[in-house]
Amino acid sequence: MNDVTTPILTLRNVGKRFGTNQVLKGVDLDVQRSEVVCLIGPSGSGKSTLLRSMAFLEEYDEGEIHINGQLLGWQSISPRRRASRSRLNQVRSSLGMVFQQFNLWPHMSALGNVCEALVRVKGLTRSDAERKGRAMLDKVGLAEKADAFPAQLSGGQQQRVAIARALAMEPSLMLFDEPTSALDPELVGEVLQVMKQLAADGMTMVVVTHEMGFAAQVADTVAFLDGGHIVAKGAPRDIFHDTEHPRLQQFLQNYLDRNAFWQDLKETPA
Amino acid sequence: MFDWPTFLESLPLMAQALVVTLQTSLVGLAFGFVIGIAVASMRLSPTPLLRRLGGAYIFVFRGVPLLVQLLFIYYLLPRIGLPNIPPIGAAIIGLALASGAYIAEIFRGGFLAIPHGQLEAANLLGLSPWQTLTRIKVPQAIRLTLPALVNEMILLIKASSLVSVVGLADLTRVAQNLAASNYLFLQTYLVLALFYCLINIPLAGLGSLLERRLGRSA
Amino acid sequence: MMFDVSIITDRVEPILHGLLVTFQTWFAGVLIGLVLGLGIAVLQLFGGRWLRIPLRMFIEVIRATPFLVLLFLLYYGGPEFGLSLEPITAGILGMGVYGSVYFAEIFRGGFQSVPKGHVEAAECLGMGRWQCIWRVQLPQMLVIILPALVNMITILCKETAVLSIITIPELTMVLTGIGSETFAFVETLLVLCIGYLILIELSSRLGLWLERRVGRFLVRS
């Protein structure tokens with residue numbers, strides 16, 4: 001199961017509809033061990049839905065998703081029967097999820113957030129869990145904030161705690177759903193730094209992001225989604241420089257224009 | 001098994017009692033409404049003494065169980081020289097005094113929700129305090145608190161089941177009498193519950209409809 | 001009207017016993033109501049349509065029915081469906097059922113107040129549904145629903161007075177009993193009023209204290 005050639009995550013013809021609205025249309029994707037895949041695309045392109053499907057937070061209703069060779073969320077495909085919760089949890093146990101809104105539990109300290117699932121799900125003793133939790137907080141640079149409650153932390157710190165919480169469960173795959181979109185601009189860097197370190201340590205990651213710089217620097221593969229399809233996929237260089245695809249060119253141009261606009265503002269004397 | 005003949009026989013009595021229950025609750029609510037506006041105005045008055053009095057009223061009439069308030073009226077009013085109050089009068093006084101305290105709290109919220117600028121405008125245009133209260137504050141407060149007032153009405157109709165302690169033949173008392181003579185306790189009390197449900201469930205529906213309306217327009 | 005203190009001081013023991021019964025029925029009723037209410041709310045949220053509709057009807061019917069009528073149904077009607085209860089058992093059960101529908105509505109609102117993402121985070125970490133309710137949702141919503149819970153608990157305190165009508169010897173029954181025995185209605189009813197005011201005031205103070213304690217670490221920035 002751990003040999004290098006089998007993908008950790010495979011998506012085959014994955015589709016999802018909300019009512020009459022087909023949000024995902026036959027998405028295929030393979031993610032190899034230690035690969036970093038960034039999903040980019042305009043809002044409404046289905047990239048967040050795709051990522052959430054990979055954790056079965058959205059029930060994809062066409063195709064198959066396999067994690068480490070195990071079918072995610074469904075007991076059988078035709079007819080589609082939902083897997084039991086314990087089965088779902090077992091498949092999910094190899095992935096960690098990081099949300100746009102952090103979703104830390106406000107009634108628990110940073111350490112409490114990290115330890116909760118270690119104690120309740122993995123069955124660690126309180127002291128083992130705390131040792132491990134502190135190590136994880138140290139890894140994201142927040143060892144001294146272990147006893148702080150989420151309300152006492154900045155957005156960037158909260159997101160780093162959320163990353164530590166997911167990492168503590170020792171997932172083989174980390175999913176990030178726009179992890180920096182809810183942050184003030186000056187706090188984005190510290191979170192991206194942690195993610196870069198993770199990538200450098202060999203973590204397999206799928207990241208939905210608007211941070212093109214991060215995607216260009218860190219990703220092995222960038223996939224561009226539009227209208228529920230992956231319309232372009234390749235190495236960052238191919239996607240950002242050598243693309244012929246008109247929708248992708250337009251998307252990147254919009255992105256550049258917006259940044260140029262900010263650049264102009266900065267240079268305009270007050 | 002359900003005894004239909006007995007049920008049909010009892011219907012006229014229950015219908016009469018239903019009228020008594022509705023009359024008592026509605027008249028009680030109407031007086032409670034007036035008391036509520038007065039007490040809410042006291043609670044928000046600039047005079048500390050009035051504020052205290054309003055607060056004390058709410059504390060007492062919300063804190064003491066309605067049953068005990070009704071016992072007070074039944075046993076003590078005759079002692080202070082008001083011997084000839086008919087049961088329906090005593091019941092209405094009891095319900096009005098108690099609901100007044102709850103309505104006062106509802107109205108306090110309603111009054112506070114009115115933008116202060118409107119009251120300044122009324123003042124500048126020369127409206128008297130009484131005119132401001134009746135023309136500006138009360139109509140708006142009613143609109144803002146209508147769902148809560150409907151809810152209060154349901155609570156009051158339910159609370160009126162206790163007025164038999166002052167000797168009034170309301171729904172509950174009549175059902176009690178019927179059950180004591182026909183020995184069909186379960187059936188009689190189920191019918192009684194049904195009567196209350198037939199009034200209160202539509203009212204509750206109206207309340208949540210108003211709430212949704214208000215939520216949309218606000 | 002004179003206030004004869006001896007009417008009360010001569011009968012401290014039965015009055016205290018009545019107070020004890022009031023406390024017993026109140027606590028037991030609240031406890032049953034909270035457990036039932038939480039159960040109803042959880043089943044409503046997670047139990048699917050076939051549970052949701054009957055539960056909704058149950059809530060609407062109980063909320064439309066006066067507490068006294070519910071007591072009559074249980075106590076006098078009970079034997080006809082094989083449920084012969086002592087007055088005090090019927091009273092506690094009635095309080096529990098009556099309170100449960102209001103508690104259920106409070107809990108339901110509480111569950112809806114917890115951001116969906118917090119539940120998703122727990123799911124992704126492999127926590128079970130019950131673990132998620134118990135460890136993530138309940139403690140979080142407690143701050144929001146505590147005032148409503150305390151309010152309902154004080155309402156149930158006042159409802160214990162109604163238990164006197166089905167002959168449960170609680171405070172109201174004991175004091176009105178003394179009143180009709182001695183014709184000292186002023187004394188007995190005043191003591192009764194003051195007794196309830198103290199109970200209500202104490203429980204709302206306790207509620208405020210709890211709110212402060214629970215709210216201390218949950219203040220959102």
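## Chain C and its annotated spans

For chain C, an unreviewed UniProt entry lists the feature "transmembrane region" at residues 26-46, 58-76, 88-107, 141-168 and 188-210. The structure discussed here is a predicted model, and two of these spans can be described from its atoms. Residues 26-46 of chain C are 100% helix and 0% strand, with the end C-alpha atoms 30 Å apart. Residues 88-107 of chain C are likewise 100% helix and 0% strand, and in this span the end C-alpha atoms are 27 Å apart.

## Confidence in the model

As a whole, the model scores ipTM 0.89 and pTM 0.86. Chain C has a mean pLDDT of 89, and 96% of its residues reach 70 or more. Among the elements of chain C, the lowest mean pLDDT, 79, belongs to helix 1 (residues 5-9), whereas the highest, 94, belongs to helix 5 (residues 87-113).

## Where chain B meets chain C

The contact between these two chains draws on 34 residues from chain B and 36 residues from chain C. About 3,000 Å² of area is buried between chain B and chain C, and carbon and sulfur atoms give 79% of that area. On the side of chain B, the three residues B:Arg79, B:Lys158 and B:Leu186 together supply 19% of the area that chain B buries against chain C, which is more than any other three residues supply.

Five helices of chain B, namely helix 2 (48-63), helix 3 (66-76), helix 6 (129-159), helix 7 (171-182) and helix 8 (185-217), each supply at least two residues of the side of chain B that touches chain C. Helix 8 of chain B gives the most to this side, with 11 residues. When the residues are sorted by class, the side of chain B that touches chain C has 26 nonpolar, five polar and three charged residues.

## Where chain C meets chain A

A second contact takes 23 residues from chain C and 25 residues from chain A. The area buried between chain C and chain A is about 2,200 Å², and carbon and sulfur atoms give 59% of it. Between chain C and chain A the count is three salt bridges. A salt bridge joins the side chains of A:Arg52 and C:Glu120, with a distance of 2.5 Å from N to O. The count of residue pairs in polar contact between chain C and chain A is nine, with both residues at pLDDT 80 or more.

On the side of chain C that touches chain A, the elements that give two or more residues are helix 6 (116-124) and helix 7 (129-159) of chain C. Helix 6 of chain C gives the most to this side, with eight residues. By class, the side of chain C that touches chain A is made up of 10 nonpolar, seven polar and six charged residues.

## The annotated domain of chain A

For chain A, UniProt lists "domain: ABC transporter" at residues 9-252, again from an unreviewed entry. In the model, this span of chain A is 36% helix and 27% strand, and its end C-alpha atoms lie 27 Å apart.

Terms used: Residues numbered from 1 in each chain as written. Chains lettered and ligands numbered in written order. Heavy atoms only, no water. Contact = heavy atoms within 4.5 Å. Buried area = accessible area lost by both parts, 1.4 Å probe. Helix = DSSP H or I, 4+ residues; strand = E, 2+ residues; numbered from the N terminus. Nonpolar A, V, L, I, M, F, W, Y, C, P; charged D, E, K, R; others polar. UniProt positions renumbered as here; feature names shortened; annotations may be inferred. Salt bridge = Lys/Arg side-chain N within 4 Å of Asp/Glu carboxyl O. Polar contact = N/O pair within 3.5 Å; in protein donor to acceptor, adjacent residues only side chain to side chain. pLDDT = per-residue confidence, 0-100.
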